[in-house]
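Colleague: Before I use this model, I would like to go through the terms applied to it and hear on what grounds each one is used.

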Amino acid sequence: MPNNTIVPRGTKIRKINLSRKTAPCPRCGTVSKRHSIGHRRLREVGISAPTMLEVTYSKHYCVSCRKHFSLPMDHLAQPSGRFTNRVRRTAVDLVVKQEMTLEKATQRMRQKYHVHVPPTTLHDWVVAEMKID
Ligand SMILES: [Zn+2]
């Protein structure tokens, strides 16, 4: 896999293929053909074991803009994030709604959902959440 993510022992891999033959250019809307395939690994909430999503997505070329773009997957994860939005949502809720400390929330995420979210990462998520509201 072309990704430097470390996969813990016993990790469950769930595969999702989002690749499409064509997609609208995010800049101008021109329907653009796929020119290649990309892969991305995301840490996901796990019920009984560490879980990772292996996402296959398409990369496209817009002939109008003469630029490449990747199929958006904002519904799954932040553009450069290593975790799914579900992990982020779950962890932030522990802090914001259940009023846990960052360390406690990190511990809960590891024990209950088998995913390690560093307190510094969680801190950034909570701060970002506060700005939106
Ligand atoms: Zn375009």
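**Terms and their grounds**

Modeller: The centres of domain 1 and domain 2, taken over C-alpha atoms, are separated by 24 Å. This is a predicted model, in which local features need pLDDT of at least 70 and side-chain atom pairs count only at pLDDT 80 or more, while totals for chains, interfaces and linings use all residues. Residues are numbered from 1 along each chain as its sequence is written.

Colleague: What makes these stretches domain 1 and domain 2, and which residues do they cover?

Modeller: The bounds come from an automatic or database domain assignment, and that division gives 10-80 for domain 1 and 83-133 for domain 2.

Colleague: How do you know that the domains touch, and how many residues of each are in contact?

Modeller: Two residues are in contact if their C-beta atoms, placed from the backbone, lie within 7 Å, and by that rule eleven residues of domain 1 are in contact with nine residues of domain 2. On the side of domain 1 that touches domain 2, strand 3 and strand 4 each supply at least two residues, with strand 3 giving the largest share, three residues. That side has seven nonpolar, two polar and two charged residues, where Ala, Val, Leu, Ile, Met, Phe, Trp, Tyr, Cys and Pro count as nonpolar, Asp, Glu, Lys and Arg as charged, and the others, Gly among them, as polar.

Colleague: Why is Arg43 called buried?

Modeller: A residue is buried if 20 or more other C-beta atoms lie within 10 Å of its own, exposed if 12 or fewer, and partly exposed in between, with C-beta atoms placed from the backbone. Arg43 has 25 other C-beta atoms within 10 Å, and is therefore buried. Arg43 is found in strand 3 (residues 31-44), and, leaving aside neighbours within four places in sequence, Arg43 is in contact with Met52, Arg82, Phe83, Thr84, Val87 and Val115.

Colleague: What makes Ala91 buried, and where does Ala91 lie?

Modeller: Ala91 is in helix 1 (residues 85-96), and is buried because 25 other C-beta atoms lie within 10 Å. Not counting residues up to four places away in sequence, Ala91 touches Ala105, Met109, Val117, Leu122 and Trp125; the C-alpha atoms of Ala91 and Val117, 26 residues apart along the chain, are separated by 8.0 Å.

Colleague: Why is strand 1 said to lie largely in the open?

Modeller: Of the six residues of strand 1 (residues 12-17), the number buried is zero, so strand 1 lies largely in the open. Strands (E, at least two residues) and helices (H or I, at least four) are DSSP runs, numbered from the N terminus.

Colleague: How do you know that strand 4 pairs with other strands, and in which sense does each pair run?

Modeller: Two strands pair if DSSP finds at least two bridges between them. Strand 1 and strand 4 (residues 51-62) are joined by six bridges and run parallel, with Ile16 partnered by Val55 and Asn17 opposite Thr56. Strand 3 and strand 4 run antiparallel over ten bridges, Gly38 standing opposite Tyr57, and a hairpin joins these two strands through six residues. Strand 4 and strand 5 (residues 67-70) are antiparallel over four bridges, and Cys62 stands opposite Lys67. In the hairpin of strand 4 and strand 5, with four residues between the strands, Arg66 takes a positive phi near 55°.
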